[in-house]
Amino acid sequence: TCSNAQTIEGSTIKIVESVIVAKGTQKELHEKVLNWFGKSFKNAKEVITSDTESAIVGRYINDFLYGKVQINWNHSIEVDLKDEKVRIRIYLVDNDPVTFFYKKGEPREMYRSGFEKLIKDAENLEENLKKALNEAADW
């Protein structure tokens, strides 16, 4: 639901934040997260904007129609890495329409289904990352 989203400042809204416990060193988890980026996005190299031992940061666009108008929603995804745990945060960022479509911490009623889709898409990314971190490496 939309209640998970939080306005941070201006036109930035936090959609997802969670800590995932997973087996592995920081380096092993880093490799799993890079593989997850590769599977989750058409071109991970275009999405990832920063890649260090302890964090991978990216930006991506989620677009869909509001009535007859297509809106591109810019997202920031931050994945912080430590031994045996990963934190994922996904934000809506730099979206001028956010202030128009969003009011007092909740989406305006006529745009609720669009925001619910954005949140669901982000939550699906989070769930897929959890699965990727806990998958066995053998095939």
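What volume does the second largest pocket have? In this predicted model, in which local features need pLDDT of at least 70, side-chain atom pairs count only at pLDDT 80 or more, and totals for chains, interfaces and linings use all residues, the second largest pocket has a volume of about 220 Å³. Residues are numbered from 1 along each chain as its sequence is written, and side-chain values use heavy atoms, with hydrogens and water left out. A pocket is an open set of points on a 1 Å grid over the protein atoms alone, where a 1.4 Å probe fits, with protein on both sides within 12 Å along at least five of seven lines, and its lining residues have an atom within 4 Å of a point. Grid points are joined across faces, edges and corners, and the volume is the space filled by probe spheres set on the points.

The lining of the second largest pocket consists of 11 residues, with K32, N35, K39, A132 and E135 nearest its centre. At least two lining residues come from each of α1 (26-40) and α4, helices being DSSP runs of H or I with at least four residues and strands runs of E with at least two, numbered from the N terminus; α1 gives the most, 5 residues.

Two or more lining residues are given by each of α2 (44-47), β4 (55-66) and α4 (112-134), the largest share, 5 residues, coming from α4.
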